[in-house]
Amino acid sequence: MSKKYNVESFNLDHTAVTAPFVRLAWKKRGARGDVVTKFDIRFTQPNKEYMSTGTVHTIEHLVAEYIRDEIDGVIDFSPMGCRTGFYLTVFGDRDEAYAARHMLAVLKKVAVWNAPVPATTAQECGNYRDHDLQGAKKMALHWVIGIESNGWQCYK
C-alpha cells in the first residue's frame, strides 16, 4: 500500500492477516501522560467470511456489558462496519496479551450463554429485534478455539 490513510485500519493489509486475532491498533498519549489503547478483536477472516448483523449485535451487547467486569477502564467495545470483528478501547497502556486474556474470559462465557441477552427491549436498544444468540455463541466459541489453538500468538 502506497497511500496512507487517516484511519489506522485502512492501512492494514487485510489480505495478510489470519483471524481470529487480537491486534494493537494504536496507543494515544495525552498531554499529561495518560494513555488510551485500542485493539482490533478480529473474529472472521477479512474478505472471506463475516458475521450476520444479529450475531454482531448480540456479541456487542454481551461483551460490552461483561468486559467491564474483567477490565477496569473500558472506554468502548464497538463493532466494525465490515462485520469481521470489534474494537476494544481501554484507558491505560495495555498490550495484546492483556486484551486477549480478558477477551478470552468473557468470550468463554458468551460461548455457553444460557440467559437472556441484556438490554434487548425497545426501551433499551435501538434495534432490539435484531439479535442472534446462537450465532453469537458460535462465533465466541470460534474465537476462543482460534486464540487458544494458535498458542496465544495474538496477531499474525
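## Helix α1

In this predicted model, the buried residues of α1 are Gly54, Thr55, Val56, His57, Thr58, Ile59, His61, Leu62, Val63 and Ala64. That makes 10 of the 14 residues in the helix, so α1 is mostly covered, buried being under 20% relative accessible area.

From its first C-alpha to its last, α1 reaches 20 Å. This is close to the 20 Å expected for its 14 residues at 1.5 Å a residue.

Val74 stands opposite Val90 of β4.

The two strands form a hairpin, with five residues between them. In the turn, Arg83 has a positive phi of about 65°.

## Aromatic pairs

A pair of aromatic rings is described by the distance of the centres and the angle of the planes. Five aromatic pairs turn up in a search of the whole structure. One of them joins Tyr5 and Phe10: the ring centres are 5.9 Å apart and the planes stand at 85°, an angle over 60 degrees, so this pair is edge-to-face. Tyr5 has 39% relative accessibility and therefore counts as partly exposed.

Phe43 and Trp143 form another pair, with ring centres 6.1 Å apart. Their planes lie at 35°, so the pair is tilted. It links distant parts of the chain, 100 residues apart: Phe43 is in the loop between β2 (35-42) and α1 (53-66), while Trp143 belongs to helix α3 (residues 133-149). How accessible is Phe43, buried or exposed? At 0% relative accessibility, Phe43 counts as buried. Trp143 is also buried, with a relative accessible area of 0%.

Phe43 and Trp143 are part of a cluster, in which ring pairs link them with Phe77 and Phe86.

## Charges over rings

Which ring lies under the charged end of Lys38? The ring is that of Tyr87, and the charged end sits 4.1 Å from its centre. A second case involves Arg94, whose charged end sits over the ring of Tyr98 at 4.5 Å from the ring centre.

Definitions and conventions. Residues numbered from 1 in each chain as written. Predicted model: local features only at pLDDT ≥ 70, side-chain atom pairs only at ≥ 80, totals over all residues. Heavy atoms only, no water. Phe/Tyr/Trp six-rings, centres within 6.5 Å; stacked < 30°, edge-to-face > 60°. Buried < 20%, exposed > 50% of the residue type's maximum accessible area, 1.4 Å probe, protein only. Helix = DSSP H or I, 4+ residues; strand = E, 2+ residues; numbered from the N terminus. Lys NZ or Arg CZ within 6 Å of the ring centre and 35° of its normal. Expected span 1.5 Å × (residues − 1). Pairing = 2+ DSSP bridges.
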